[in-house]
Amino acid sequence: FVLALIAAACSSDDSGDEASDTTAAAEETTTTAAAEETTTTAAATETTEAMSTEPVVVCELAYFTGEFAAYGPSLTADVQFPIDEVINANGAPLGREWVLISEDIGTPGEAQAARICLEQHGAEIVVSQAHGYRQYRDYMLEYLAENDAPLGPTVHGGSIPGNLGGVGSEPLFRAQGLDEALGMTGALAAEAAGAASVVVFATQVEGFQLAADAAEKTAVALGIEVLDRMDVPAEQPSYAAEAQRIADLAPDAVIVQAGSVESATLIKQAAEAGLSLDWIGETGWIQPEFIGTLGTEPIATQKSIGYAAFAYNDTTPAWEFYQPLWDNTSGYGADTDFGPATDQYHFSTYDLMTITALAVEYAGSYAASAWAPAMFEVGDAPGTVCYSYPECMELIKAGEDIDYEGVTGDGTYTAGGVNSQVQSYT
């Protein structure tokens, strides 16, 4: 380029066209070289990732202390199970074994735990950004912009608004839909029970507040009178005052959005006060701690006790693969405190981690910008329908487009990363 400029300066007016041609040719050569360099660099990066054998750190935002401490060991087992028994056992994506690290969010807080996952553990996958996400969302977005990581599958992300997620810059993909859906289903259950009036009870946790809002609005839309909305602190040792207040209002049903221990405490104390009602709760009531706290005596005295959640599909090959594996694997099955394969947290986490791994293999990368679109590709039609990790991985490696259908649903997501599932009441 410099030589071309010198030639142009030294030439006569008659040679101006020739100099321009030389300059243009030099610029074209420079541009082509730059393009080739960019392409080569991208290819080298992709090759380096594919050749890496370093383990992938999967960091779970865990519940070992705080309001959900009773769930903690079971919820961690839900993440450990698909990693050990499905993904690593059948060849982890891109040949890199997954290693689980759990960071407690109860006492330190979710934001602090997320920072530890990324800055101390170098996590490429962070599982279960949840109730506290919006308090550190700016940090996560900045980290993603700089690192194109981590991937964000979340079992407990139902409190995150449905328009956040589903893209590489915010790669949140949920396992259980939105918390509002649970509140709506609870109000529909009250209608089905013939309730003309309800009390809505909720602890002051974001997800429970969202679900309670939805329950209240749905009840009004259905023509059910909402006698009171009670918002109370979590982790109280007693809810006797609230139980008495409910007795004074005499509703037909109570819609409860609270943890399993708090919910059971409320029902037990209401039963002791002589109440007999329809009690409508949420998914956490599947946990053994609910019945463990409630005891068996209050059950017979109440009209009904049930919980809104989502259903599993036991009529597909996906169930045939998953159910015996969970129930018959030492440390996980029905002979443990964790309960059988039908627990909502067990099968929804299994599905989420399975599709997360399949999307990594399909994308050929652990980069969030590549993984997020692949989450849609591996679960959406058209494609060869497959029902388990080993079956789907074989198809991906053969170069086929797949359509994973799991236990929770058909594997599809909204634009914001909210998964398809069937609401249920138990």
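Is V79 buried or exposed, and what is its relative accessible area?

A: Happy to take a look! This is a predicted model, where local features need pLDDT of at least 70 and side-chain atom pairs count only at pLDDT 80 or more, while totals for chains, interfaces and linings use all residues. Residues are numbered from 1 along each chain as its sequence is written, and side-chain values use heavy atoms, with hydrogens and water left out.

V79 is buried, because its relative accessible area is 2% (buried means under 20%, exposed over 50% and partly exposed in between, with a 1.4 Å probe and protein chains only). V79 belongs to helix α3, which covers residues 72-87 (helices are DSSP runs of H or I with at least four residues, strands are runs of E with at least two, and both are numbered from the N terminus).

Around V79, setting aside neighbours within four places in sequence, the contacts are E60, L100, V127, T349 and M353 (contact means heavy atoms within 4.5 Å). E60 sits 19 residues from V79 along the chain, and their C-alpha atoms are 7.8 Å apart.

Helix α3 also leads us to α12: together with α13 (344-363), α3 is among the elements that cover the buried residues of α12. Those buried residues are A318, W319, Y322 and W326. Viewed down the axis of α12, they fall within an arc of 80 degrees, so they line one face of the helix (the arc is that of the directions from the helix axis to the C-beta atoms). As background, an α-helix has 3.6 residues a turn, so residues three or four places apart point the same way. On the other side of α12, E320 and N328 are exposed.

As for its length, α12 runs over residues 317-328, and its 12 residues reach 17 Å from first C-alpha to last, close to the 16 Å expected (1.5 Å times one less than the number of residues).

E170 is buried, at 7% relative accessible area, whereas R137 is partly exposed, at 25%.
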